[in-house]
Amino acid sequence: MAGFPEDTASELRGGKLQRIRMTKKRKHQEDFQKVKFKVGKKKPKLENATDTTFKTKAIQIPEQLKEDGVLPTQNRKLNIKDLLSQMHHYSPGVKHNALLGLKDLLSQYPFVIDAHLSNIISEVAAVFTDKDSGVRGAAVHLLQFLASKIRAEQIAPFFPLVSAHLSSAMTHISEGIQEDSLKVLDVLLEAYPALLTDRSIILLKNFVELISHQQLSKRLKSREKLSWMLSVNPNRRVTSQQWRLNVLTRLKKFLQAVVDGSSEIEDEGLQEQKDSPHSVRNPICISWKVHANNQQHIQLFENGGLRPKINSSFRLRSLASVMDSAEKGLSSAENLKGFIEIIIPLLIECWIEASPAQSAPILGNLLESESQQLMQQVLSIIHLLWKLTKRHDETYKMELWLRMNYLVDFKHYFMRHFPYSLQETVKHKKKDSCKGNKYCMTSSNSVDHLLLNLTLCDIMVSLASTATLQMDSGWLDMIRKFVTDTLQDGSKLNSKQVNRLLGVTWRLMQIQQNKGATEPLIKAVYTLYQQRNLLFPVRTLLLKFFSRVYQKEDLRTQRIRSRSKVLSRWLAGLPQQLALLGLRNPELSNQLIDIIHSAASRSNKELLQSLQATAARIYDPLDGALVLLPAEAQRRLVQLVYFLPCLPASLLACLSRCCIMGRMSSELAATLIGILHMRSSFAGWKCQVQDNSVNDVDYFSFLFSTLIGFSREELTDLQGIRGKPHISQTQLSPVRLYLTDLDQFLHHWAVTEMICHSLSTIPSQSQCFDILQTGICKYLVGLVVIPDSTAGSVLCAINKLLDQACILSENLHKFLASCCYSLLYFLLTLDKEDAEHVQKRDMLWASCISALALLPRLLRLMLQSLQVSRICREELPVVAQLLRLLMQHGQLRSHMITNEFLVQQIIKDIMTLKSGEVQEQWLTDLHYCFNIYLASHPQGPGPINAVY
């Protein structure tokens with residue numbers, strides 16, 4: 001360092017370095033120096049401190065979105081979750097109590113089922129295979145309870161799980177679980193048959209495995225085909241026969257559910273059998289809305305179009321064709337054949353074990369109760385399988401296949417001891433004559449053995465046809481004899497048995513169609529039909545059977561037609577049965593009417609003769625079927641009138657009373673009048689259809705009686721009625737009006753319009769008018785009291801028939817004039833508040849005005865009858881109002897001008913009676929109208945002022 005000594009320079013450098021070190025140390029101490037706070041001072045906030053000063057607000061949740069934490073509990077304070085969790089407990093007692101608790105909880109709180117349906121179904125189904133019988137029994141009871149609470153559409157998503165557990169239980173190694181699985185099956189078949197039958201293939205195999213096991217056929221060297229044979233398990237609590245009966249009973253119920261779920265299968269009994277490709281198919285009712293939703297299938301008619309192809313090979317593809325064989329179930333012909341091949345041999349083995357020959361040779365065809373039940377189930381299953389085969393297109397192939405494979409076995413085993421009867425085992429007392437024997441055998445005619453025989457007959461006749469008649473004649477004769485004997489002694493048969501009997505009878509008649517074979521069968525059915533006190537379903541079935549037989553017979557050509565005498569006798573008795581039945585059974589009466597109408601339209605001679613003899617009772621106006629039955633039946637009975645061979649005067653009188661009594665509608669009465677007009681000689685037929693069917697005099701008598709609307713006796717009784725509210729009378733007219741009820745009036749008026757139309761169509765109008773005039777003068781003129789509807793109807797008919805060639809008698813003129821004034825007086829004095837009679841005003845007013853306009857003399861006679869000096873003062877305003885209205889009416893103005901002098905004289909008489917009094921408004925109005933409409937006219941004597 002220049003200018004300083006060396007040591008001094010070194011010191012200076014050392015001091016500088018020391019200062020630098022001190023500065024760094026001081027800075028370091030300043031960075032990490034602890035801050036000392038004074039007492040009472042707040043600690044300052046750090047720069048990186050988190051601000052925790054924030055506010056919160058509650059979130060409002062709607063009530064329906066809140067979950068209640070407290071679930072409903074049963075008496076042991078356990079909720080649904082607790083009970084379901086106990087279902088997995090190792091102890092059977094805990095699981096049993098859990099099932100009982102579930103039933104208790106769900107019965108008290110049914111809404112819990114919807115909230116926990118999936119868990120409930122899965123847990124209950126899981127214990128179908130539980131080792132403890134008590135747990136399984138409680139599960140069955142709980143399932144039965146749930147089935148009444150859960151709809152099919154609710155359980156449908158979970159039903160595959162239920163079906164899987166059911167299959168597991170049915171195929172379980174434990175006999176107890178297998179037995180309880182049948183109880184589960186009963187519950188599901190009762191509640192959800194459609195859901196259960198959707199899985200028919202798996203369940204049908206389970207049914208087979210319950211009573212049999214597979215065994216390699218010794219005749220086959222390969223192991224491709226396995227045969228099934230009945231199994232015997234000595235460990236079961238019941239006998240092998242009883243176990244098979246239990247299984248077959250469920251199998252029959254299952255197949256019945258399959259049959260019921262198929263809409264294409266007709267009801268058993270009287271269905272039309274397919275004897276040939278030419279059989280007629282019944283049309284179906286199509287709902288396009290249902291069809292659009294894929295819920296209805298439409299079957300094409302083969303013989304439609306301009307050029308029908310009866311043997312068409314075209315078929316609509318089934319919706320099931322897109323599914324595999326397992327999903328189709330028994331709707332597939334292949335699956336159905338496969339199941340039949342397995343089950344039929346097993347059923348025959350069951351039959352052999354229960355047949356009478358196996359029990360005791362001396363019993364013949366007597367059956368014990370348990371054997372009979374097993375045999376009944378065997379035949380019922382075969383019968384249902386036969387019905388399932390009929391829904392396939394290749395029905396004839398299926399019938400041929402069934403006949404080739406099983407007819408020999410059925411004849412050998414089933415028909416060997418036919419017919420079967422039931423052996424009753426009864427324990428007698430010591431005092432009985434059979435006290436030496438412990439048991440006594442009696443033959444019973446119970447329902448069960450008859451159903452067994454009928455089912456067997458139904459199965460066997462389905463395998464026969466006209467082509468195989470000679471080969472099957474032996475066992476067919478046995479069936480024919482049994483059916484005939486049963487029908488002749490069938491007073492105690494129920495509808496199900498009669499349905500089966502008639503089905504077999506119909507099939508036998510189709511197999512052998514000659515009269516010698518069919519006549520005894522029809523006679524046997526007619527013997528049953530003649531029994532008294534038959535049940536309504538039985539009577540209905542018999543009527544349907546006879547109707548079908550008649551229609552089948554009538555379809556034959558005239559060349560080969562040979563009518564059955566029994567059938568003709570049955571037809572001839574139908575009208576008498578209808579007359580006796582009346583309203584006691586409207587449904588049966590409707591069926592009788594339909595059959596009678598069908599036969600009458602075909603001109604059946606026997607029926608028409610019987611109908612003619614019974615017509616007076618059927619169409620009796622007091623207690624005949626026509627007035628007793630509902631409207632639709634009345635319409636059919638009215639149509640039957642057209643087919644009657646003859647319509648005598650007595651019958652026409654009954655029909656007239658039926659028309660006017662109001663016990664059938666006015667539209668139907670008009671239809672009846674139209675039918676009688678078509679049967680008359682005035683219908684305008686170019687050819688004579690029926691000779692002397694309706695006499696002209698009787699026809700006019702019918703029209704006139706119906707036009708009047710009241711009988712002679714009723715009109716006579718009306719003459720004694722006096723005073724209001726039933727009578728409207730005036731001192732200026734000798735005719736008093738009987739005021740009819742509104743319904744009766746409207747009905748009579750509607751019938752009158754049809755009568756007038758029929759009268760107007762008669763060619764000679766002048767002669768028709770003369771007949772009408774004679775009737776009125778003979779039966780109405782001279783009466784004091786006449787119904788208002790009758791007076792209006794007479795005027796309406798006069799207006800309709802009157803022409804220039806018609807000449808009215810003086811008596812008729814006076815009568816019509818009195819009727820006109822009585823009607824007009826009634827209308828003018830009618831209280832506006834009287835709603836019942838107000839509705840008559842327009843119709844009666846129009847008929848009166850038309851008659852006065854058409855007949856000027858009628859108006860003059862009515863004006864001449866207005867002698868005001870004979871009436872009381874209260875009636876003067878009514879007469880004045882009538883005159884004013886007549887003068888104002890356009891159609892009557894010219895006639896009123898012609899009768900101006902009469903009108904002027906009437907007004908003068910009124911003014912004379914009212915002289916010296918204050919002139920009222922009605923008199924001023926009358927004076928004004930006369931001056932306006934009559935006095936101002938150039939013709940006439942002059943204004944009314946000149947009179948006064």
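The model is predicted. The protein chain holds 948 residues, and buried residues make up 45% of them. It contains 43 helices and eight strands. The accessible surface comes to about 51,800 Å². Carbon and sulfur atoms account for 52% of that surface. Among the contacts with a separation of 6 or more, 72% join residues 24 or more positions apart.

Three of the strands build an open sheet in the order β6-β7-β8, and the pairing is mixed. Strands β6 (727-728) and β8 (785-787) stand at the edges. Each has a single partner strand, so one side of each is left without a neighbour in the sheet. Strand β7 covers residues 736-738 and pairs with β8 in the parallel sense, over three bridges. Tyr738 has Pro787 of β8 as its bridge partner. Two helices pack on this sheet. Helix α35 (residues 788-801) touches β7 and β8, and its direction makes about 75° with that of β8. Helix α36 (residues 810-828) touches β6, β7 and β8. The direction of α36 makes about 65° with that of β7.

The largest nonpolar core has 272 residues. The residues with the most contacts inside the core are Ile344, Leu385, Phe410, Ile479 and Tyr619. Phe410 shows how such contacts are made up. Leaving aside residues up to four places away in sequence, Phe410 touches Ile344, Ile348, Ile382, Trp386, Met415, Ile459, Met460 and Leu463. One of these partners, Ile344, is also on the list of residues with the most contacts inside the core.

Eleven of the 14 residues are buried, so α30 is largely enclosed by the rest of the structure. The buried residues are Ser666, Leu668, Ala669, Ala670, Leu672, Ile673, Gly674, Ile675, Leu676, His677 and Arg679.

Arg244 lies in helix α12 (residues 240-260). Its relative accessibility is 2%, so Arg244 counts as buried, the cut-off being under 20%. Beyond residues up to four places away in sequence, Arg244 touches Ile211, Leu230, Ser231, Val232, Cys350, Glu353 and Leu374.

Some loop residues have backbone geometry worth noting. Most residues other than glycine have a negative phi, and most peptide bonds are trans. Asn533 is not a glycine, yet its phi is positive, at about 60°. This residue sits in the loop between α22 (515-529) and α23 (536-554). At 77% relative accessibility, Asn533 counts as exposed. Ser603 is not a glycine either, and its phi is also positive, at about 60°. The loop that holds Ser603 runs between α25 (586-601) and α26 (605-618). With 54% relative accessibility, Ser603 counts as exposed, because the cut-off is over 50%. The peptide bond between Phe418 and Pro419 is cis, with omega about -5°. Pro419 belongs to the loop between α18 (395-414) and β4 (421-427).

Thr73 is another loop residue, placed between α1 (6-31) and α2 (80-86). Its relative accessible area is 26%, which makes Thr73 partly exposed. Thr73 and Leu105 are 32 residues apart along the chain, but their C-alpha atoms are separated by 6.6 Å. Leu105 is also a contact of Thr73, as are Leu78, Asn79 and Tyr109, when residues up to four places away in sequence are not counted.

Methods: Residues are numbered from 1 along each chain as its sequence is written. This is a predicted model: local features need pLDDT of at least 70, side-chain atom pairs count only at pLDDT 80 or more; totals for chains, interfaces and linings use all residues. Side-chain values use heavy atoms; hydrogens and water are left out. Helices (H or I, at least four residues) and strands (E, at least two) are DSSP runs, numbered from the N terminus. Buried means under 20% relative accessible area, exposed over 50%, partly exposed in between (1.4 Å probe, protein chains only). Contact means heavy atoms within 4.5 Å. Accessible areas come from the Shrake-Rupley method with a 1.4 Å probe; for residues, only the protein chains shown count as cover. Two strands pair if DSSP finds at least two bridges between them. Axes are lines fitted to C-alpha atoms, for helices over the stretch in contact, and angles run from 0 to 180 degrees between N-to-C directions. A nonpolar core is a set of buried Ala, Val, Leu, Ile, Met, Phe, Trp, Tyr and Cys residues joined through side-chain atoms within 4.5 Å.
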